[in-house]
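I opened the model today to take notes, chain by chain and contact by contact. These are my entries.

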Amino acid sequence: MNDPLLEIDDLRVDFDTRAGLVQAVRGVSLTLGRGETLGLVGESGSGKSVTAQAVMGLIDVPGRIAGGAVRWNGMPLVGEGVRRRPRRIWGREITMIFQNPMTSLNPLMTVGAQLGEVIHLYLGLRGAAARTRAAELLDAVGISGASRRLDQYPHEFSGGMRQRVMIAMAIASEPRLLIADEPTTALDVTIQAQILELLAGLQEKLGLSIILITHDLGIVAGLCHRVAVMYAGQIVETGTVDDIFARPGHPYTQGLIRSTPRLDAVEDRLVSIDGTPPGLRTPPEGCAFRPRCPAAQAACHAPQRLASHGAGHVACCRAGVDAWDVGAA
Amino acid sequence: MTQARPHRPLRALLAELWQDKPAALGLAVILAIVAMAILAPLVAPYDPADQSILSRLTPPVWNDRGSWEHILGTDNLGRDVFSRLIWGARTTLTIGGLTCLIAAGIGTVVGLWAGFMGGRTDSVLMRLVDIQVSFPGILLILLVVGVLGPGMWTLIIVLSVTNWMVYARLVRSVVSSTRQTPYVEAAEVIGCRPSRVIFVHILPNLVSPLLTLLILEFTNIVLAEAAVSFLGFGVQPPDTSWGLDVASGRDYLFIAWWLVTFPGLAIVATVLSINLFANWLRVTTDPEEREKRHARTVAARRRRRGTA
Amino acid sequence: MTDFILRRLFQGFLVVFGVTTVVFVITRLAGDPVSLMLPLSASDEQRAAFAAQIGLDQPIWVQFLRFAGDVALLDFGDSLWQRRPAMEVVFERLPNTALLIAAGLGTAVVLSIPLGAIAALRPGGLADRLTTSISLLGLAMPQFWLGLMAIMIFSVTLKWLPTSGIGTPAHLVLPALTLAMTPLARFTMMVRAAMIDEMNTQYVKTARAKGLGLGRILRVHTLRNIMVPFLSISGWELITTLSGYTVVVETVFGWPGLGLTAVQAIQRGDLFLVQAIVFSIALMIVCIGILMDVLSKMIDPRIELN
């Protein structure tokens with residue numbers, strides 16, 4: 001993985017709230033190669049969505065980038081080293097789709113007009129040419145009767161269809177990276193599978209890189225090459241999908257895997273992780289997972305750092321494997 | 001790193017208000033005007049109706065011909081403008097307060113009833129409210145005044161009758177949305193009496209929006225009273241009112257600018273202060289807005305420290 | 001659509017009926033209608049003729065029907081002051097009021113949208129604080145006072161513009177600007193608030209993720225989306241202006257419109273004319289309400305027409 005497409009380097013995002021400073025992202029570092037699909041996994045509040053929004057430059061008051069940098073092709077995009085607002089990266093080379101397709105489209109503009117904006121802005125097409133391209137895009141994301149549906153408003157589309165429209169919009173500029181923030185969470189299970197299949201197909205066809213943000217390890221297993229697990233604003237483990245599922249190095253990852261239902265394994269019951277994530281107003285020294293960890297030791301109070309668990313697989317735990325007394329299922 | 005949360009909530013609230021200087025100033029002005037109105041007989045240097053032909057049309061003190069005896073000058077009958085302002089505050093606050101109370105009272109009862117009964121009662125009541133909202137405001141007041149004759153009580157009654165609908169609408173919408181929340185449904189399912197549901201579950205939810213509306217409506221009433229009194233259909237002499245004073249100063253616009261200017265400024269100061277404070281209150285009662293305001297204050301402080 | 005308009009028309013009819021009833025109750029039951037409506041100088045024959053005309057010897061519901069019938073035909077009798085049909089006076093003065101409102105509210109609409117949008121670009125920024133402060137000040141100034149101050153400064157002191165009256169475009173400037181102030185402040189605050197709300201919506205986040213510039217997001221996405229609330233608030237403001245602001249502003253500037261005429265009619269005890277004006281304005285308000293509802297439905301595709 002030489003010459004990474006996207007580098008996130010020690011990124012920090014703070015929120016100034018009335019209750020105090022909340023450190024939502026605490027030093028996240030990640031790299032992403034061309035054509036790679038990375039799953040960013042964690043429970044709500046772990047900082048995965050905030051990380052993605054920071055990459056897109058979407059952090060607003062009360063949040064702010066408190067440190068670190070995001071680089072695109074080696075060029076500073078967010079944080080340190082950024083001189084002026086980068087143009088033509090967001091929306092053209094990096095695009096994003098969101099969790100709730102019901103509210104992600106402007107309710108008062110036709111789908112065609114919203115697609116047309118991107119087509120005009122990045123492909124320079126107008127009028128009939130733009131319309132043809134828009135119809136092709138809808139077709140590509142599996143919406144039938146495309147030319148008729150261009151003139152319809154978002155409320156005339158179902159949730160799954162709206163997410164397809166969002167995807168069409170996101171690939172219209174022929175981007176190199178698509179960030180999908182919980183793209184299927186708000187959808188029915190059957191629709192979920194279709195959307196994921198669509199993403200996988202597009203990735204193959206267009207050579208896209210994808211960052212897939214989810215709390216569902218099952219989705220990651222089917223779609224991603226690599227996984228990064230986030231907990232309390234930090235990455236606790238990264239590695240290839242196979243590695244992580246076979247030899248999870250961090251007790252939190254192990255717990256996540258144990259609590260994911262699987263169709264192929266006849267397991268007696270699912271395990272849940274007791275307790276709740278720490279509040280990020282006063283982030284704990286040392287391992288943030290310590291209070292919930294069955295294998296916590298005295299050493300866990302010291303600051304943690306990622307340690308190698310084999311080729312390209314790092315985790316930040318001293319407790320090591322088999323914290324849950326089961327290992328790889 | 002993070003400040004400890006103050007334990008006294010009132011003090012914390014005042015500290016938060018102090019961050020917003022215009023709002024804090026607004027509250028101070030409101031309190032000053034209220035104090036002035038209550039203590040009018042003690043504060044006012046003269047009786048507002050005292051005439052003195054000798055010192056008529058004296059300009060304010062900073063003018064060459066002005067004197068310390070009449071700080072803001074005198075009118076065409078030699079009455080002290082400053083004393084009239086103080087007594088005018090009394091009239092304005094009385095009319096505004098009474099009208100708001102009566103209108104809010106009627107509106108709350110109708111709104112509670114409509115929201116609670118639902119169905120047919122609700123739609124009939126709300127249709128009535130729609131109709132009343134479409135009535136031509138001040139013109140209707142003028143018609144009533146034309147028939148019944150002008151006066152403070154006519155004004156209070158007419159203003160109350162034409163202003164209760166906003167409260168009814170607000171209360172109804174809060175009640176019907178509160179009733180659909182699981183905890184009220186649960187209370188009804190386990191057989192709480194309707195009166196208990198209203199008092200224990202619904203009224204607390206009403207306090208904050210109703211208070212905000214009351215404050216804003218109060219400014220509307222102040223402005224309406226001033227306008228109607230200015231037109232000569234509201235407060236009648238020998239009572240004093242800021243609107244009335246502007247009207248009587250109007251004939252001397254060319255020679256005595258202070259007669260029109262000061263009563264008008266009193267109205268502006270009152271309404272502006274209330275608006276500034278209400279604006280702050282609105283943000284404070286909206287959790288999301290409140291967080292943003294906090295973050296902006298922090299960011300501004302950080303910037304200042306960074307450049308200093 | 002037709003169904004909706006019909007329903008709205010029926011509702012409007014109810015309003016007019018309500019106004020009719022209220023006026024009837026006020027003028028007939030508050031005392032002796034003959035001495036109330038006719039001047040003190042009226043002769044006994046005139047009084048008897050008037051009593052017979054409104055059917056004072058008939059039961060109350062017959063009186064009401066007769067009154068409602070006259071209202072339906074827009075026949076409000078002769079103005080005592082002008083000595084001609086009251087509706088004739090209304091039609092003569094209406095264009096002046098319309099001109100004043102068009103100039104005043106037009107100014108307010110045209111200025112408020114860019115002002116509110118600029119303020120919303122950076123909430124809490126300098127432009128926002130400035131716009132908000134000036135708007136709050138504008139909302140706090142009574143129009144009669146603002147008008148008098150404007151006369152004092154621009155007419156008396158600087159002698160730039162006429163103090164009152166009608167005729168040249170210069171006569172229109174001060175009344176129109178005075179009338180514009182309150183609506184302008186209210187519109188600006190509304191545009192700002194709505195714009196800030198819109199900027200926080202998910203679809204604007206999508207638009208930003210698409211790489212659209214802030215300017216384009218404002219122009220294409222949020223402005224269109226605040227049009228529906230803007231339309232309804234301008235409808236309300238038009239109604240308030242028609243039934244309140246114009247009365248004050250026309251009086252201050254001696255602008256011969258419906259508002260000034262109403263005030264003069266009351267001062268002269270000419271209740272026929274007052275009734276005619278109140279009814280005409282109620283009628284206009286109802287029509288404006290219906291028009292606004294129909295327009296909102298045309299802008300927002302989500303609102304079902306039935």
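**Chain C, overall**

I started with chain C and counted 12 helices and 2 strands. The model is a predicted one, so I kept that in mind throughout. I read the elements from the N terminus on, and the order is α-α-α-α-β-β-α-α-α-α-α-α-α-α. I looked up the extent of the C-alpha trace next. Along its principal axes, chain C spans about 80 × 60 × 30 Å.

I then checked burial. Chain C has 306 residues, and 42% of them count as buried. I also looked at contacts in chain C between residues at least 6 apart in sequence. Of these, 71% join residues at least 24 apart.

**The annotated stretch**

I looked for a record on chain C. An unreviewed UniProt entry places "domain: ABC transmembrane type-1" at residues 94-296. I checked what the model shows over that range. Residues 94-296 of chain C are 85% helix and 0% strand.

**Helix α9 of chain C**

Is helix α9 of chain C mostly covered or mostly open? I found it mostly covered, with 6 of the 8 residues in 202-209 buried. I listed the buried ones: Tyr203(C), Val204(C), Thr206(C), Ala207(C), Arg208(C) and Ala209(C).

What covers them? The cover includes α8 (169-199) and α10 of chain C. It also includes β6 (94-97) of chain A. Gly211(C) follows α9(C), and its phi is positive, near 90°.

**Leu172(C)**

I picked one residue in helix α8 of chain C, Leu172(C). Why does Leu172(C) count as buried? I counted 20 other C-beta atoms within 10 Å of Leu172(C), so it is buried; the cut-off is 20 or more. I then looked at Leu172(C) and Trp255(C), which are 83 residues apart in sequence. In space, their C-alpha atoms are 8.9 Å apart.

**Chain C against chain B**

I moved on to the contacts between chains. Here 42 residues of chain C are in contact with 35 residues of chain B. Which helices of chain C supply at least two residues each to that side? I noted α1 (2-29), α6 (126-140), α7 (143-157), α10 (214-253), α11 (258-267) and α12 (271-299). The most comes from α12(C), with 9 residues. I sorted the chain C side by class: 33 nonpolar, 9 polar and no charged residues.

**Chain B against chain A**

**Two domains in chain A**

My last entry is on chain A. The domain assignment gives domain 1 (6-93 + 173-314) and domain 2 (103-172). I looked up the spacing of their centres, taken over C-alpha atoms, and it is 29 Å. Where the two meet, 13 residues of domain 1 of chain A are in contact with 12 residues of domain 2 of chain A. Which helix gives the most to the domain 1 side? I found helix α6 of chain A (residues 189-206), with 6 residues. By class, the domain 1 side has 10 nonpolar, 2 polar and 1 charged residues.

Conventions. Residues numbered from 1 in each chain as written. Chains lettered and ligands numbered in written order. Predicted model: local features only at pLDDT ≥ 70, side-chain atom pairs only at ≥ 80, totals over all residues. Contact = placed C-beta atoms within 7 Å. Helix = DSSP H or I, 4+ residues; strand = E, 2+ residues; numbered from the N terminus. Nonpolar A, V, L, I, M, F, W, Y, C, P; charged D, E, K, R; others polar. Domains from an automatic or database assignment. Buried ≥ 20, exposed ≤ 12 C-beta atoms within 10 Å, placed from the backbone. UniProt positions renumbered as here; feature names shortened; annotations may be inferred.
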